[in-house]
Amino acid sequence: MDVRLWIVPFALLLLGAGGCGTSAVLLDSEGEPSASSWASPSPSPPFDPEELADRLVGLQPQWPRNTLPRSPGARGINCRRVRCVALTFDDGPGEYTGRLLDILARHRARATFFVLGRMAAEDRGENLRRMVTEGHEIGNHTWNHLPLTQLSPGRIRFELVNTQKVVRRLTGVRMTVMRPPYGSTNAKVAAEARREGLAQVLWDVDTLDWRDRNPSLVTQRATQTGPGSIVLMHDIHPTTVEAVPAILDQFAKRGYAFVTLSELYGVRRLIPGRQYTSQKDGIRGTPPAAIP
Ligand code: NI
C-alpha cells in the first residue's frame with residue numbers, strides 16, 4: 001500500500017480527534033511563529049491519544065500484537081572523559097526521518113528526537129519504533145508546537161500529556177526530556193514540565209537550518225563547537241538530513257562520540273522542570289526563568 005495514500009485519512013483523523021484548528025498548521029521551526037496560527041487556540045474537545053494510537057497500531061499488520069520495540073540501552077560512554085556531542089532533531093518524525101535514521105545507523109551515531117505528538121501519531125509508530133531499537137532517545141516537543149508561555153496551564157498540560165501518551169502507546173517509552181517550541185519557557189511551563197516528570201532541554205548550538213536550507217551552512221554551524229554541546233536541527237528539512245553525513249564526519253575526525261541526552265548527562269536522571277542547554281549545566285540544570 002502506498003504510504004502517501006494513508007496520510008490524508010490520518011490527517012483527517014487527527015483533526016477530527018484533536019478538533020483544534022491550529023493542529024493543521026505545521027510550524028516547522030524554532031523561528032518565527034505565525035501569529036494567526038496560534039493567537040487563539042480553540043478549546044479542544046475530549047480527545048484520547050491512547051485510543052488514537054491503538055487504532056494506528058492496529059493498522060500495522062507486521063507488528064505482533066502487544067509487542068513493543070526494545071532499546072539497546074545507554075552505552076556507558078563517560079562524557080566527562082570523552083568528547084561528546086548531542087545532536088537533536090525537532091518537529092518530526094516526518095518524511096525524511098527514515099533517511100536520517102539510515103545515515104545515523106551507518107555511522108553508529110545516536111541522537112535525540114524531539115517529536116511532536118501529532119507527527120508521532122501520523123507516523124503510526126514506524127520511525128518512532130526504529131528510534132527506540134536503534135538506541136536513539138525520544139523527547140517531548142508538545143502536540144501542536146505552540147509557544148507554551150502564551151498558553152494556560154491546562155492547555156500546556158494538554159500539549160505535554162497527550163504527546164507522552166501517544167509515544168508511550170506506540171513505543172512503550174516514557175519520555176523524560178521535553179523541549180519547549182521556540183525555546184519559549186517560563187516558570188509556568190517549568191511547573192507543568194515538572195508535573196509530567198520532564199526536564200527541559202534547550203540547546204547551545206543553533207544551526208538555523210529552518211531558515212537557511214543550505215547543507216554546507218548547516219554543517220558549518222553545527223560543527224563549530226566544543227565538547228558537551230547540544231546541537232539544534234530539524235529532521236523535517238531535507239537539506240538538514242543532507243548535511244548530517246558531513247557533520248558526523250567532521251565531528252568523528254575530531255574524536256567525538258555522538259550521544260543521546262541521557263548519555264550526555266550520565267546515568268543520573270535530569271531534574272524535571274529544570275532547564276539544560278549543554279553538558280556544562282551539570283545534572284542540576286538551572287532553575288526556571290520567572291514569569292515575565
Ligand atoms: Ni520545534
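Me: How many helices and strands does the protein have?
Reply: In this predicted model, the protein has 11 helices and nine strands.

Me: And what share of the residues is buried?
Reply: Of the 292 residues in the protein, 53% are buried.

Me: What about contacts between residues at least 6 apart in sequence? What percentage join residues at least 24 apart?
Reply: Among those contacts, 77% join residues at least 24 apart in sequence.

Me: Let us turn to α8. Which of its residues are buried?
Reply: Helix α8 runs over residues 187–195, and its buried residues are Val 189, Ala 190, Glu 192 and Ala 193.

Me: Where do they sit around the helix?
Reply: They line one face of α8, because the buried residues fall within an arc of 165° when the helix is seen down its axis.

Me: What covers them?
Reply: The cover includes helix α7 (153–171) and the strands β4 (177–178) and β5 (199–201).

Me: What is found at the start of α8, and what follows the helix?
Reply: At the start, a side-chain oxygen of Asn 186 comes to within 3.0 Å of the backbone nitrogen of Lys 188. The helix is followed by Gly 197, which has a positive phi, near 75°.

Me: Next, α9 and α10. How are two packed helices described in general?
Reply: One gives the angle between their axes and the distance between the axes.

Me: What are those values here?
Reply: Helix α9 (residues 215–223) packs against helix α10 (residues 238–253) at an angle of about 45°, and the axes are 8 Å apart. The angle therefore makes α9 oblique to α10.

Me: Is that crossing left-handed or right-handed?
Reply: The crossing of α9 and α10 is right-handed.

Me: Which residues meet there?
Reply: From α9, the residues are Pro 215, Val 218, Thr 219, Ala 222 and Thr 223. They meet Thr 239, Glu 242, Ala 243, Ala 246, Ile 247, Gln 250 and Phe 251 in α10.

Me: Which residues of α9 are buried?
Reply: Val 218, Thr 219, Ala 222 and Thr 223 are the buried residues of α9. They are on the same side of α9, because they cover an arc of only 115° around the axis.

Me: What covers that side?
Reply: What covers the buried residues of α9 includes α10, together with the strands β6 (205–206) and β7 (229–234).

Me: Now the loops. Where is Asp 212?
Reply: Asp 212 is in the loop between β6 and α9. Its relative accessibility is 18%, so Asp 212 counts as buried. Leaving out residues up to four places away in sequence, Asp 212 touches Leu 217, Val 218 and Arg 221.

Me: And Arg 110, is it buried or exposed?
Reply: Arg 110 counts as buried, because its relative accessibility is 11%. This residue lies in the loop between α4 (97–106) and β2 (112–115).

Me: What does the side chain of Arg 110 reach?
Reply: The side chain of Arg 110 reaches the backbone oxygen of Gly 73 at 2.8 Å. Not counting residues up to four places away in sequence, Arg 110 touches several residues, including Pro 72, Glu 134, His 136, Phe 258 and Glu 263.

Me: Last topic: where is Trp 203?
Reply: Trp 203 is in the loop between β5 and β6, and at 18% relative accessibility Trp 203 counts as buried.

Me: How far apart are Trp 203 and Tyr 276?
Reply: In sequence, Trp 203 and Tyr 276 are 73 residues apart, while in space they are 7.6 Å apart, C-alpha to C-alpha.

Methods: Residues numbered from 1 in each chain as written. Predicted model: local features only at pLDDT ≥ 70, side-chain atom pairs only at ≥ 80, totals over all residues. Heavy atoms only, no water. Buried < 20%, exposed > 50% of the residue type's maximum accessible area, 1.4 Å probe, protein only. Helix = DSSP H or I, 4+ residues; strand = E, 2+ residues; numbered from the N terminus. Arc of directions from axis to C-beta. Contact = heavy atoms within 4.5 Å. Polar contact = N/O pair within 3.5 Å; in protein donor to acceptor, adjacent residues only side chain to side chain. Axes fitted to C-alpha atoms, helices over the stretch in contact; angles between N-to-C directions. Parallel < 35°, antiparallel > 145°, perpendicular 65-115°, else oblique. Left-handed = near helix turned anticlockwise from the far one by under 90°.
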